[in-house]
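Let's take a walk through this structure, beginning with the ligand and moving on to the sheet. Have a look at the picture before you read on.

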Amino acid sequence: MDPRKNPFSPGAGSRPPELAGREQLITDAETALFRVKNGRSTQALFMLGLRGTGKTVLLNEFETLALENGYLTSLVEAPDRKPLCELLYPQIRQVLRKLSHIENVRQAANDGLRALRSFASTFNIKIGDVEIGVDPLPGTADSGDLEFDLRDLFLLVGEASRQAGKGWALLIDEVQYLKKDDLAALITALHKVNQRSLPIFFAGAGLPQLAKLAGDAKSYAERLFDYREIGALGASAAADALRTPLAAEKMQVTDDALARVVLDTKSYPFFLQEWGYQIWNIAQASPIGLAEIEAAGPKAISRLDGGFFRVRLDRLTDAEVKYVQAMAALGRGPYKSNEVAKRLGKEPSGLAPRRASIISKGMIYSPNHGDIDFTVPMFDEFLQRKGNSTQ
Ligand SMILES: Nc1ncnc2c1ncn2[C@@H]1O[C@H](COP(=O)(O)OP(=O)(O)OP(=O)(O)O)[C@@H](O)[C@H]1O
Ligand SMILES: [Mg+2]
């Protein structure tokens, strides 16, 4: 069909034509947004899942919902190695400035801006000319301990938002890249805001190891957060993800063809988009049958190999590549770290730093003590294909 009209959207965070199988989560997020804005205590949402399962898409969706529900929003991605104070400073500043334009909130928002000014000098954050003219607020957010200071700031933003009859939705992607102290400070600040019933809604997303990281940073994280696993879709949702966008373009697809796509993609959202994209370009007429799916499969795989999988492998050093190759050579995960070490002819303890480095790059994670698995679905098959082609 006409590639210009291709409805599918393989890509990082790109909204799918049909957001399949996430209805409950979206309803729950709507409920949480309503409750938080109305001063009712609510657990913050934390979405944990492998690569390409739709976490970023959901955060974007929550942002839209938050805006519709009278929130000011900040959606940020925690980059590798950037401190949380630098990440949040411009966001908090923007929210407070917006609030400061509201008549009866000016005082509270300006207090917030002054505290933010203190915060910026305490944490050596570069500020613009406008802020230099703002008087600091001594004694607030300037102790130099992020855990206290971020809490002070959140309380001020929460109070100003409450006075404005608004809320602040803070949405952070890739939370697993935050350093432990930063994560602890974030959790403390959210905890305080929750206790005071202030209208700050938080949703985070990250790789599965995040639940443990948060628990290690603060033991009460488990009670503060509502952890949701974002994984492969159920078979019928996966079929919908394909069928509905095609139907909207007046294209039918046979049941056996759909079943085959569900099987080949293992119902992973990113792969469904990639397959859908190729199927559309290949199809000549409705209904789409098994033959089109069989022709689309190798094209989808080759695009994944050259993009989605490749970019992730490129982030590893040669020694790290050897490690993940040894994992893949063992078949399907999860893998025992001991077995990987045996395969490499090394002691497990000697490999611990290498393993830790690959984990910190977000490539592998430990689902259980002593186990290791890929954060990218079907990465084992990619490495096996790669291995075969270079042999
Ligand atoms: N519920 C869904 N139904 C169909 N397609 C989806 C769904 N959710 C996400 N997708 C598609 O999957 C792809 C990946 O989505 P997204 O980037 O949000 O994943 P992610 O979990 O954030 O991945 P990463 O961990 O790599 O950042 C996108 O192409 C998106 O359109
Ligand atoms: Mg993402």
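## Around the ligand

Ligand 1 is surrounded by 27 residues, and the closest are Ser9, Gly13, Ser14, Lys55 and Thr56; to count, a residue needs a heavy atom within 4 Å of the ligand. This shell splits into 11 nonpolar, nine polar and seven charged residues, where Ala, Val, Leu, Ile, Met, Phe, Trp, Tyr, Cys and Pro count as nonpolar, Asp, Glu, Lys and Arg as charged, and the others, Gly among them, as polar.

Now for some polar contacts (pairs of N or O atoms within 3.5 Å). A polar side-chain atom of Lys55 sits 2.7 Å from an oxygen atom of ligand 1. A backbone N or O atom of Val57 is 2.8 Å from an oxygen atom of ligand 1.

## The sheet

Five strands make an open sheet in the order β2-β3-β4-β1-β5, paired in parallel. Strands are DSSP runs of E with at least two residues, and two of them pair if DSSP finds at least two bridges between them. At the edges are β2 (71-77) and β5 (225-229), each pairing on one side only.

Strands β3 (residues 167-173) and β4 (residues 200-206) pair over five bridges, in the parallel sense. Leu170 stands opposite Phe202 in β4.

## Where this comes from

This is a predicted model: local features need pLDDT of at least 70 and side-chain atom pairs count only at pLDDT 80 or more, while totals for chains, interfaces and linings use all residues. Residues are numbered from 1 along each chain as its sequence is written, chains are lettered from A and ligands numbered from 1 in the order in which they are written, and side-chain values use heavy atoms, leaving out hydrogens and water.

Key
A polar contact is a pair of N or O atoms within 3.5 Å; within protein, one must be able to donate a hydrogen and the other to accept it, and residues adjacent in sequence count only if both atoms are side-chain atoms. Helices (H or I, at least four residues) and strands (E, at least two) are DSSP runs, numbered from the N terminus.
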